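User: I am new to this structure and would like to go through a few of its local features with you, one question at a time.
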Amino acid sequence: MLLEGQGINALNHLTIGGCDSLELCEKYGTPLYVIDENVVREHCRLYKKSIDEFYNGNGLVFFASKALCNLEMIRVVNSEGLGADSVSAGELYTVLKAGMDSEKICIHGNNKTDEELEYAIKNRVGRIVIDDVSEIKKVDKIAKANNIRQKVLFRIKPGIDAHTHEFIMTGQIDCKFGFALETGEAEEAICKALEYDNIIVAGVHCHIGSQIFESEPFKEAAKVLVNFMADIKDKTGYEMFELNLGGGFGVTYTEKDDPIKFNKYIEEVSAIIKEECAKRNLVLPFVMMEPGRSIVGTAGVTLYKAGAIKDIPGIRCYVSVDGGMTDNPRYILYQAEYTALVANKAGDEKTEVVTLAGKCCESGDLLGENMPIQKVESGDIIAVLTTGAYNYSMASNYNRVPRPAMVMVKNGESRVIVKRETFEDLVRNDI
Ligand SMILES: *Cc1c(COP(=O)(O)O)cnc(C)c1O
């Protein structure tokens, strides 16, 4: 299985964005994160085009920056006209520094600190998503001190059961994010916010989970939210005018994955919004979406060098690489599955099944178990696909392993966008 932008050249090497993966390793070292710029841009364009086509362009797509937050990545999505979501002051700092127009920034988080709220509002972010009643008063106060009226959305738990891992499922009532509908707390919070002069109650938001493969839960969530907006209008006379449907679209990690086409999803969800608004006599809201994984996930590949190979007869074969949970903690976190191949034998048949292990002092430090792969020898380059999202952004320095470099490739050219960490970086803050 290869993904968009990937191929096999005459040397039987994996190519990414037209670059020979072996040459990339020689030039930049391993482990190495590789991001294909054209793939990222294509995904951004598909989202935008679909909103233009199916919803008259009456919306905005935000890149969920937590998926991969560095200056060049944000510059790329910015140049495609997307906005950005930030969940922390650090993400906001990065997004602003990359030149994103603050009006196109949306702030999230279930426990934004006072400092974070102040930093966001002072920088005139377009929207803050209120996640807890305590934020209403705080936002109003800071906005007043800065002489502005702050647009806010309310994060709603629509009570949808999206079939995904429970750590990344966020739409049900037992969840640390947002306001439940069933208990009336969402309505209460909105009514309360309407009393404050420096808050503009723009609309509602939901994010039902991540790596979701069915369009039904998304459509159901949209329906629930539109009807909630209508209920609020009926009860208070106030009509909200924005609807943020979050992210969560699944991507291909292994052959088993069959992601929904997001243009198809946008077509279907647009129809539902129009239908429900007509039924309930609402003006069509400005629609927002917040994809993270589906923008950058499949655009990324991590390249490692294979080292020790331990074939335990009758048990399994461990192939250890020069990275692991420090650059990709998703396996140890939630047994995420990946596709691997030997980059220097990319066209060969996958005749082996191995456990790909990292180099950290944890038995759970694996990149995958039972992975079909070509015959591996020590010194081979191993490529793990679909590592663009939630890999670098979740990376750590456990065992004092420096974070790898990240290169962006495009049409056969490559450039470093994040430098490899040095040992000096590791002790920078030590006294
Ligand atoms: C994580 C997150 C997203 C992005 O989710 P993906 O699954 O990467 O698309 C969007 N919105 C919010 C509020 C999130 O927490």
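User: Does Asn-399 count as buried, exposed or partly exposed, and what is its relative accessibility?

Analyst: This is a predicted model, in which local features need pLDDT of at least 70, side-chain atom pairs count only at pLDDT 80 or more, and totals for chains, interfaces and linings use all residues. Residues are numbered from 1 along each chain as its sequence is written, and side-chain values use heavy atoms, with hydrogens and water left out. Buried means under 20% relative accessible area, exposed over 50%, and partly exposed in between, with a 1.4 Å probe and protein chains only. Asn-399 therefore counts as partly exposed, at a relative accessibility of 35%.

User: Why is E20 described as largely enclosed by the rest of the structure?

Analyst: Two strands pair if DSSP finds at least two bridges between them. E20 runs parallel to E4, joined to it by 5 bridges, and pairs with strand E21 (residues 413–418) in the antiparallel sense, also over 5 bridges. E20 is called largely enclosed because the buried residues number 5 of its 6.

User: Which residue in the hairpin of E20 and E21 takes a positive phi?

Analyst: This hairpin has 2 residues between its strands. The positive phi, near 45 degrees, belongs to Asn-411.

Definitions and conventions. Helices (H or I, at least four residues) and strands (E, at least two) are DSSP runs, numbered from the N terminus.
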